[in-house]
Amino acid sequence: MDFNLTGEEEAVRDLGKQIFKGMVSSEHLAALEAQGQGLDRAVWGALAKAELLGVPLAEDAGGSGFGFFAFCQLVEQAGRRAAKVPLVPVVAGAAMPLVQFGSTAQRQRWLPGLLRGTHLLSVALEEGDRTTAQADGSGWTLSGKRTLVELGDVAERVLIEAQTADGTVLLWLDPKASGVTAHRQVTTDLTPVWSFDLADVYVPEVDVLVGPEGGAAALAWTRDRLRIAQCAE
């Protein structure tokens, strides 16, 4: 078995290392933490400019098509510098399932801005959370709780799962929707995260990623990639 990296994987690793080493110092991180910032927008912009946010995405989705393992090389370099860049939730947790399961309209709506670094999507798929969904016309009404939501204050949508009478659905939750109450928390590495209390939150059909017929499989697919990316980081 050949464990050597491909040329594309080495290029992603080396470019990521160059960006993180040049922009992320202990002093820089201390300044961000003093400001309570969980997102280093300067470094995030540099990654977008270098076209690294689309590393694992197919070319027809606007990515480079280098694959998930190449993306993990980038994530590892971010972890080495403790960079405050949300590669795991934004790319592995949101962009990859968006490309895999999303409609053409959803892709067109979110991917261009995400790859430019101007729009943020996140994910909240903690296994201990409990959210239920009731059919409401063509959409769903949610109740429950989501925890450890990275970018909960700035993400335009957060991917969550909810249990219905017929199975699991994956939905794009709008953090600013009526019925969402957000609570700020801080993790042990001083990264701010959020918890959401959901009380009769309506999610329209356009924000449904996967319905009950395929939700459980899509959830497992997404969680697998999140876990691997978290380990790389």
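Arginine 80 forms a salt bridge with glutamate 76, and the structure holds 12 salt bridges. A salt bridge is a side-chain nitrogen of Lys or Arg within 4 Å of a carboxyl oxygen of Asp or Glu. This is a predicted model, in which local features need pLDDT of at least 70 and side-chain atom pairs count only at pLDDT 80 or more, while totals for chains, interfaces and linings use all residues. Residues are numbered from 1 along each chain as its sequence is written, and side-chain values use heavy atoms, with hydrogens and water left out.

**Within helix H4**
- The closest N and O atoms of glutamate 76 and arginine 80 are 3.0 Å apart.
- Both residues lie in helix H4, four residues apart, about one turn of the helix; helices are DSSP runs of H or I with at least four residues, numbered from the N terminus.
- Glutamate 76 is partly exposed, at 27% relative accessible area.

- Lysine 84 forms a salt bridge with glutamate 33, with 4.0 Å between the closest N and O atoms.
- This pair is 51 residues apart and links distant parts of the chain: glutamate 33 is in helix H2 (residues 26-34), and lysine 84 is in the loop between helix H4 (68-80) and helix H5 (87-101).
- Lysine 84 counts as buried at 7% relative accessibility, whereas glutamate 33 counts as partly exposed at 32%.

How values were computed: Helices (H or I, at least four residues) and strands (E, at least two) are DSSP runs, numbered from the N terminus. Buried means under 20% relative accessible area, exposed over 50%, partly exposed in between (1.4 Å probe, protein chains only).
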